[in-house]
Amino acid sequence: AGVPESVGGAKAKGGFLGGLLGGGKAGPDFLTTVEPKAMAALLKAMPGAGHVVLLSCAGVERTNKQPYSMANFGGGLDKRRAAEQALQLYSKQTGLDYTLVRVASLDEGAAPSGTPLKAAFGDCLDGACAPAALADALLRVLASGPAGGPADGLITGGSTFLRNASVALEGGAAVPTSPAGWEELFLAVDGPELFRSEELPTQSGLKATSAWVESWCQRWTEKGSGLTTKVVAKATGPEGRFGLFFNPSTKGPKSRVGNEGGIEIIVDQARDRPEAGFRIRARRFAYGEGAVIKEMSEEVILRRLKDDVARLLRDLVN
């Protein structure tokens, strides 16, 4: 993909690490190897960089599962994960922003005609990625940042959630055609996203849906909610954003609300379709450094949310 002139500023303040070698299937073979010990030297050679995008591969966090356990024979995936960790450590020490982009393999026929590019958080996708789509996505990731930045316009300003995160990609016979479309694609990385409902019928506007979500969130603060972890529910922003903050019992008076994690419930519309109906999303948030992810509590909340939103949809339709 060509590099638009508008990304010139981003090129001066960011950079890519990782090179493509060709086809390959699942595993590290289609990428050049960046030795962990060489990572710091590479980063120090880019003193003006403010954001580094490292192209890596799927499976680096799943070497105990097939096909990645076999692909890791000889330690190729372990080395690549070590290179990622070297970048993350350098980021923590210097304040440099990074993004890890992971793909399983490259294939021009990665998806049937019209199948869109898919993005997710972490290391969870296994399908091939179309090279042209990957190139375009890498450019958008590098350009992500605050509104008004040098590359604002390549992706909607404010998409800072792509910084200091890992992004998995697959498919790509079709890619977004607008900055808002790219932001909609990458929303799955924000948090990450844990749930996204279908669009609600048009009669369910922002006010009514927000009221439903607020009431739903308050239930988790009551006795008999089914959670073993105490929860504090409160608004987290403009109308349509509510947070369930985990607040485990601790000794001493200091509150840990806001640092022990939680789930934010959001009422919004598709970024690239302002005429779309409202939907309900949930994302992980408010985890301070070192906080343990409350997976069991998340599972209970998300299971109830899926069931109750499905019931809401049926009631609105009937």
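Why is helix α6 largely enclosed by the rest of the structure? Select residues 179-186 and take a look: six of the eight residues of this helix are buried, so the rest of the structure largely encloses it. Buried here means under 20% relative accessible area, exposed means over 50%, and partly exposed is in between (1.4 Å probe, protein chains only). Helices (H or I, at least four residues) and strands (E, at least two) are DSSP runs, numbered from the N terminus.

Before moving on, some ground rules: this is a predicted model, where local features need pLDDT of at least 70 and side-chain atom pairs count only at pLDDT 80 or more, while totals for chains, interfaces and linings use all residues. Residues are numbered from 1 along each chain as its sequence is written, and side-chain values use heavy atoms, with hydrogens and water left out.

Now colour the buried residues of α6: Gly-181, Trp-182, Glu-183, Glu-184, Leu-185 and Phe-186. They pack against β4 (118-121), α5 (131-143), β5 (165-170), β6 (193-196) and β10 (279-287), with contact meaning heavy atoms within 4.5 Å.

Next stop: the salt bridges. Side chains of opposite charge can pair when their charged atoms come close. A salt bridge is a side-chain nitrogen of Lys or Arg within 4 Å of a carboxyl oxygen of Asp or Glu, and the structure holds 26 of them.

Select Arg-279 and Asp-268, whose side chains meet in a salt bridge (2.8 Å, N to O). Arg-279 lies in strand β10 and Asp-268 in strand β9 (residues 260-268), so the pair ties together parts that are 11 residues apart in sequence. Arg-279 is buried, at 5% relative accessible area, and Asp-268 counts as buried too, at 9%.

Zoom in on Glu-193 and Arg-196, a salt bridge whose closest N and O atoms are 3.0 Å apart. Is each one buried or partly exposed? Glu-193 counts as buried at 18% relative accessibility, whereas Arg-196 is partly exposed at 31%.

For a last stop, select Arg-81 and Glu-61, where the closest N and O atoms of the salt bridge are 3.5 Å apart. This pair links distant parts of the chain, 20 residues apart: Arg-81 sits in helix α4, and Glu-61 in the loop between β2 (51-57) and α3 (68-71).
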